[in-house]
Amino acid sequence: MVLDKLGSALKSGIKKISNAIFVDKKLIDGIIKDIQKSLIEADVNIELVFALSQKIKKLAYDETIKGIDKKEQLVKLIHDEITLLLGKEKQLKLPKKASLMFLGLYGAGKTTTIAKLGFYYAKRGRKVALLGLDTQRPAAMDQLEQLAKQTNLQAFIDKKEKDPLKIIKQYSKDLEKYDLVLIDTAGRDGLNKELIKEIEKLDKRLKPDYRILVMPADVGQTAKTQAEEFQKALSIDGVIVTRMDGTSKGGGALTACAETKAPVFFIGVGEQIHEIETFNPESFIQRLLGMGDLQALLEHVKSATDEKQTKRIEERLQEGKFTLLDLYSQLEQMNKMGSMDKLIGMIPGMSAAKVPKNVLAKQESKMKHWKNAISSMTEDEIENPEILEKQTSRIQRVSKGSGTTTTEIRELLKQYKMLKEMMGMQSGLAEGKIDQKMMQKMAKKFRGKVKF
Ligand SMILES: Nc1nc2c(ncn2[C@@H]2O[C@H](COP(=O)(O)OP(=O)(O)OP(=O)(O)O)[C@@H](O)[C@H]2O)c(=O)[nH]1
Ligand SMILES: [Mg+2]
């Protein structure tokens, strides 16, 4: 998928926030670092990356926002800010009869994109003509002819004529019969005077409804300078970014376009004729994040932390009654985020086959073993697991009775101890018995240890 590295960094960041018991400084700093790294790898301007990090930090460090509220707000912030980086959606609205002129440097993907778009609009009922005005490159007309054949579209070309204005004249009557004319122009190494002059000449004669700049994604954030230069010299209406499939720098090209306020209408995502997509920042990000929509994402955060459950456990703790059963239900809560069935349902186009089965299976099997172990314990042992630790024979009995290894049982007891201590700290904090510093120390101590 396009920008998949960025996508997985964002997904993992959001998952970490959802699963965290404490959204503390260290967690946030780690997530920000991952997001920064992947944005910079996608060639997004460093200042934009820095500004985004500051916003995440500001919200994350705000101590007036707590618990699930903070998690939700953070996920929403990441989603919204990254979407914003990609700009606002602007659709290409074509009048009934329309002409589009494509501009760009050598090899940007103009000719290919014209064929792709011709194919795209013909499928949607438009009568499409392709007009070849690239008289610079010897093989340009052949290429357009070939592509037209492949897509079953009409191409108007002249392999011998060197003056594009004469080609226009030659076909102007024929073109009137079409309701969408896509015009291929010649590229240059850079935006030089010659190219500007030629485009201005064609523009004056053709008066196209849209002037569209075609840029390949691998130019990364230099797309900004290119778009600005074209904008200044020729006034463009929008951009098509091609070759999003072949580079990790697409993020730079897209965010650079957003900065110049030049709307990106389409992105090219492959060499094949159908590999073009309309560009909508919102749905683009949602696909990167792997969620159907923001609402589903937020629901997900909520379900990963069941507040009522946490409260109940806190109460139990205060009564001095945190048992293995409480641990089990707490772990089950934490495990919810990883519930693959639910996840699969939310990811468009995702099938069960793509999920690494062993990850899920491992988690579930561990939980099952623990559940069996707990059900082989006496009430006394469940209420006061400390007695198990003191008497190895008890552990052996439970192990035999439940088909669980003694190591697994010891692991369960270790988790219990840690979580009990941690929950104790948490309620202590709420009562003002423990200060923030101590809390952070505890979080540090437990990080990565509460696993199942
Ligand atoms: N992978 C991939 N390749 C693309 C895409 N769009 C265009 N290309 C390839 O990019 C190369 C250049 O494309 P052209 O359409 O010839 O570019 P152009 O801007 O017309 O080039 P000039 O006419 O020489 O200025 C070709 O090999 C295309 O197949 C895309 O979205 N993905
Ligand atoms: Mg071309």
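## Basis of the model

Buried means under 20% relative accessible area, exposed over 50%, and partly exposed in between, using a 1.4 Å probe and protein chains only. This is a predicted model: local features need pLDDT of at least 70, side-chain atom pairs count only at pLDDT 80 or more, and totals for chains, interfaces and linings use all residues. Residues are numbered from 1 along each chain as its sequence is written, chains are lettered from A and ligands numbered from 1 in the order in which they are written, and side-chain values use heavy atoms, with hydrogens and water left out.

## Aromatic pairs

Rings of Phe, Tyr and Trp (its six-membered ring) pair if their centres lie within 6.5 Å; planes under 30 degrees apart count as stacked, over 60 as edge-to-face and the rest as tilted. That rule gives seven aromatic pairs. Take Phe 156 and Tyr 171: the ring centres are 5.1 Å apart and the planes stand at 55°, so this pair is tilted. Phe 156 belongs to strand S3 (residues 154-156) and Tyr 171 to helix H7 (residues 164-175), so the pair ties together parts 15 residues apart in sequence. Helices (H or I, at least four residues) and strands (E, at least two) are DSSP runs, numbered from the N terminus. Phe 156 and Tyr 171 are both buried.

Tyr 210 and Phe 265 make an edge-to-face pair, at 6.0 Å centre to centre with 75° between the planes. Tyr 210 sits in strand S5 (residues 210-216) and Phe 265 in strand S7 (residues 264-268), so this pair ties together parts 55 residues apart in sequence. Tyr 210 counts as buried because its relative accessibility is 16%. Phe 265 is also buried, at 4%.

## Cluster and charges over rings

Tyr 120, Tyr 121 and Phe 266 form one aromatic cluster. A charge sits over a ring if NZ of Lys or CZ of Arg is within 6 Å of the ring centre and within 35 degrees of the ring normal. Arg 124 places its charged end over the ring of Tyr 120, 3.6 Å from the centre.

## Around ligand 1

Ligand 1 is surrounded by 20 residues, where a residue is near if one of its heavy atoms lies within 4 Å. The closest are Gly 109, Lys 110, Thr 111, Thr 112 and Asp 245. Helix H5 (residues 110-123) gives the largest share of this shell, four residues. By type, the shell holds four nonpolar, nine polar and seven charged residues. Ala, Val, Leu, Ile, Met, Phe, Trp, Tyr, Cys and Pro count as nonpolar, Asp, Glu, Lys and Arg as charged, and the others, Gly among them, as polar.

An N or O atom in the side chain of Thr 112 is 2.4 Å from an oxygen atom of ligand 1. Lys 116 has a polar side-chain atom 3.1 Å from an oxygen atom of ligand 1. Gly 270 has a backbone N or O atom 3.2 Å from a nitrogen atom of ligand 1. Taken alone, ligand 1 exposes 650 Å², and the protein buries 82% of that. Accessible areas come from the Shrake-Rupley method with a 1.4 Å probe.

## Positive phi

Asp 43 has phi near 70°, a positive value in a residue other than glycine. Asp 43 is in the loop between helix H2 (25-41) and helix H3 (46-61). At 16% relative accessibility, Asp 43 is buried.

Arg 243 has a positive phi too, near 55°. Its loop runs between strand S6 (238-242) and helix H10 (250-260). Arg 243 is partly exposed, at 37% relative accessible area.

How values were computed: A polar contact is a pair of N or O atoms within 3.5 Å; within protein, one must be able to donate a hydrogen and the other to accept it, and residues adjacent in sequence count only if both atoms are side-chain atoms.
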